[in-house]
Amino acid sequence: MSRAILTVLMLCISNIFMTFAWYGNLKLQQMYPQVKDWPLYLVILLSWCLALLEYSFMIPANRIGSQITGGPFNIVQLKVIQEAVSLTVFTVIVSLVFKGQPLQWNHFVSFGLVLLAVFFAFIK
């Protein structure tokens, strides 16, 4: 598997964990009302555990993908790819998990602009 594809796949996995680390507690509150009574430090600790999994994929993805370590992407390209992946993963999770959060035309326009940023980041 090429380093570019592996990098993007690992970024996708890392962003799944990060999206749930940031927003999963909101879904838990919807599903289980008793979670609303959890102290904030416990919610933060749970999120940190998920963020650790996120970093377990993000750091290797950056090392595999970086030109500094023999990968195909410069640091700016890695960051722009990561942002596009993050937005894509977030959009999919919101659509599938957080039903009732409708996506509107302006969300798609903003997503398109991020994809345009990816395009411009790769122009030589």
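Me: Where do I start, and how many helices and strands does the chain have?
Reply: Start with the secondary structure. The chain has four helices and zero strands. Read along the sequence, the pattern is α-α-α-α. Keep in mind that the model is predicted.

Me: What are the dimensions of the box that the C-alpha atoms fill?
Reply: Taken along the principal axes, the box is roughly 50 × 35 × 25 Å. The accessible surface of the chain comes to about 8200 Å². Carbon and sulfur atoms account for 73% of that surface.

Me: What share of the contacts joins residues 24 or more positions apart?
Reply: Begin with the contacts that have a separation of 6 or more. In this chain, 75% of them are between residues 24 or more positions apart.

Me: How do I read burial, and what percentage of the residues counts as buried?
Reply: Burial is judged by relative accessible area, and under 20% means buried. Of the 124 residues of the chain, 28% count as buried.

Me: Take Asn-25. Is Asn-25 buried or exposed?
Reply: Asn-25 counts as buried because its relative accessibility is 17%, and the cut-off is 20%. The residue lies in helix α1. Leaving out residues up to four places away in sequence, Asn-25 touches Phe-20 and Val-43.

Me: Next, aromatic rings. How many aromatic pairs does the structure hold?
Reply: The structure holds five aromatic pairs. To read one, look at the distance between ring centres and the angle between the planes; under 30 degrees counts as stacked and over 60 as edge-to-face. Phe-17 and Phe-57 form a stacked pair, 6.0 Å centre to centre with 20 degrees between the planes. This pair links distant parts of the chain, with Phe-17 in helix α1 and Phe-57 in helix α2, 40 residues apart.

Me: How accessible are Phe-17 and Phe-57?
Reply: Phe-17 is partly exposed, with a relative accessible area of 24%. Phe-57 also counts as partly exposed, at 26%.

Me: Which kind of pair do Phe-119 and Phe-120 form?
Reply: Phe-119 and Phe-120 form an edge-to-face pair, with 70 degrees between the planes and 5.3 Å centre to centre. Phe-120 counts as exposed because its relative accessibility is 51%, and the cut-off for exposed is over 50%.

Me: Now pockets. How much space lies in the largest pocket, and how many residues line it?
Reply: For a pocket, read the volume and then the lining. About 290 Å³ of space lies in the largest pocket. Its lining has 15 residues, and Phe-90, Thr-91, Val-94, Gln-101 and Leu-103 lie nearest the centre. Helices α1 (3–31), α3 (75–96) and α4 (105–121) each supply at least two lining residues. By class, the lining has ten nonpolar, five polar and no charged residues.

Me: What volume does the second largest pocket have, and which elements give two or more residues to its lining?
Reply: The second largest pocket has a volume of about 160 Å³. The elements giving two or more lining residues are α1, α2 (40–65) and α3. The lining has five nonpolar, four polar and three charged residues.

Me: Which residues form an aromatic cluster?
Reply: Trp-22, Tyr-23 and Phe-90 form one aromatic cluster. Trp-22, Tyr-23 and Phe-90 are also among the residues that line the second largest pocket.

Notes
Residues numbered from 1 in each chain as written. Predicted model: local features only at pLDDT ≥ 70, side-chain atom pairs only at ≥ 80, totals over all residues. Heavy atoms only, no water. 1 Å grid on protein atoms, 1.4 Å probe; cavity = no way out; pocket = protein on both sides within 12 Å on 5 of 7 lines; lining within 4 Å. Points joined across faces, edges and corners; volume = space filled by probe spheres on them. Nonpolar A, V, L, I, M, F, W, Y, C, P; charged D, E, K, R; others polar. Buried < 20%, exposed > 50% of the residue type's maximum accessible area, 1.4 Å probe, protein only. Contact = heavy atoms within 4.5 Å. Areas by Shrake-Rupley, 256 points an atom, 1.4 Å probe, with all protein chains shown as cover. Phe/Tyr/Trp six-rings, centres within 6.5 Å; stacked < 30°, edge-to-face > 60°.
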